[in-house]
Amino acid sequence: MLEVHQFACLSDNYGFLLHDPDSAETTCIDTPDAAAYLREAEAKGWRITQIWNTHWHPDHAGGNAAIKAATGCRITAPEAEAAKIAGIDRTVVNGDRVSLGEWTAEVIDVGGHTMGHIAYHLPAAQVAFVGDSLFALGCGRMFEGSPPQFWASLSRLKALPPETTLYCAHEYTQSNARFALHADPDNVELQLYAAEIDAARARGEPTVPMQLARELATNPFLRADEEDMRNRWGGATAPETFARLRAAKDDFR
């Protein structure tokens with residue numbers, strides 16, 4: 001089976017090394033901190049052969065050059081952001097596939113946080129690496145995209161099998177939970193989830209990865225197409241409701 005090694009780096013990022021024991025291949029999912037990735041791979045006894053970038057931000061692609069120089073790995077990145085990412089060997093778009101040994105990942109367009117943001121979904125492993133497009137109980141800040149674009153991206157993630165395990169790139173969950181409770185205060189499942197998050201963080205445990213099924217029931221941004229959220233937040237369409245939620249989160253303290 002594939003192995004996912006998750007570790008904290010920078011101030012609140014998570015690094016991920018995805019390893020296939022059969023082929024002995026290892027890919028970095030983004031590269032926020034080159035030294036941390038090289039150190040963690042060495043500790044595991046894994047040889048880094050690839051990097052899969054989700055988007056161009058420096059805390060996701062900033063370690064590309066150093067890791068490639070140290071390992072000779074191949075870098076895959078979104079075509080729409082190729083001019084902003086160092087060392088690319090292959091660009092990909094929605095619907096393309098990348099491989100790690102015999103395992104295949106499907107590329108999903110999740111633009112909105114940045115215009116060309118992509119996610120990597122490995123159906124056979126029931127996992128997806130979503131970068132900053134979706135967080136536990138949240139979503140990325142809309143720096144470059146539009147609400148219709150971002151809602152279409154989230155809809156693609158909503159359509160994945162509900163048992164999919166989602167790996168997002170930051171430990172933002174407690175802050176996201178506070179807004180989610182403000183946005184959707186009558187959601188009992190959300191209240192239970194938020195209490196579990198507080199307990200996990202009190203124990204020093206990560207809240208990533210998360211399960212899509214639970215996010216579908218509790219994440220207000222994924223529920224922008226549901227009647228109770230439209231009634232509370234307004235908007236004639238799901239993208240309009242999503243836009244109101246995203247703007248409210250931007251100003252939430």
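**Figure 1. Residue classes in the lining of the largest pocket of the predicted model.** In this predicted model, the lining of the largest pocket comprises four nonpolar, six polar and five charged residues. The pocket holds about 250 Å³ of space, and of the 15 residues that line it, those nearest its centre are Phe135, Cys139, Arg141, Tyr172 and Lys249. Two helices, H5 (173-183) and H9, each contribute at least two residues to this lining.

**Figure 2. The contact of helix H4 with helix H9.** Helix H9, which spans residues 238-251, packs with helix H4, residues 147-158, at an angle of about 100°, and the two axes are 9 Å apart. Because angles of 65 to 115 degrees count as roughly perpendicular, H4 is described as roughly perpendicular to H9. On the H4 side the contact is made by Pro147, Pro148, Phe150, Trp151 and Leu154, while H9 brings Ala238, Pro239, Phe242 and Ala243. By class, the residues of this contact are nine nonpolar, with no polar and no charged residues.

**Figure 3. The contact of helix H1 with helix H3.** Helix H1 (residues 34-44) packs with helix H3 (residues 64-71) at an angle of about 35°, and their axes are 8 Å apart. Ala34, Tyr37 and Leu38 of H1 meet Ala66, Ile67, Ala70 and Thr71 of H3 in this contact. The residues involved divide into six nonpolar and one polar, with no charged residue.

**Figure 4. The largest cavity and its lining.** A search of the whole structure finds one cavity of 30 Å³ or more, and the largest cavity has a volume of about 60 Å³. It is lined by 14 residues, of which Phe16, Ile29, Asp30, His60 and Ala169 are the closest to its centre. The elements that give two or more residues to this lining are strand E2 (13-20), helix H2 (58-61) and strand E10 (127-131). Sorted by class, the lining of the cavity has eight nonpolar, four polar and two charged residues.

**Figure 5. The protein chain as the setting for the close-up views.** The protein chain has nine helices and 14 strands, and its C-alpha atoms fill a box of roughly 55 × 40 × 30 Å along the principal axes. A compact globule with 253 residues would have a radius of gyration near 18 Å, and the 18 Å of the protein chain therefore agrees with that expectation.

Definitions and conventions. Residues are numbered from 1 along each chain as its sequence is written. This is a predicted model: local features need pLDDT of at least 70, side-chain atom pairs count only at pLDDT 80 or more; totals for chains, interfaces and linings use all residues. Side-chain values use heavy atoms; hydrogens and water are left out. Axes are lines fitted to C-alpha atoms, for helices over the stretch in contact, and angles run from 0 to 180 degrees between N-to-C directions. Helices (H or I, at least four residues) and strands (E, at least two) are DSSP runs, numbered from the N terminus. Angles under 35 degrees count as roughly parallel, over 145 as roughly antiparallel, 65 to 115 as roughly perpendicular and the rest as oblique. Contact means heavy atoms within 4.5 Å. Ala, Val, Leu, Ile, Met, Phe, Trp, Tyr, Cys and Pro count as nonpolar, Asp, Glu, Lys and Arg as charged, and the others, Gly among them, as polar. On a 1 Å grid over the protein atoms alone, a cavity is a set of points where a 1.4 Å probe fits but cannot get out, and a pocket is an open set with protein on both sides within 12 Å along at least five of seven lines; lining residues have an atom within 4 Å of a point. Grid points are joined across faces, edges and corners, and a volume is the space filled by probe spheres set on the points. The radius of gyration is taken over C-alpha atoms; the globule rule is 2.2 Å times the number of residues to the power 0.38.
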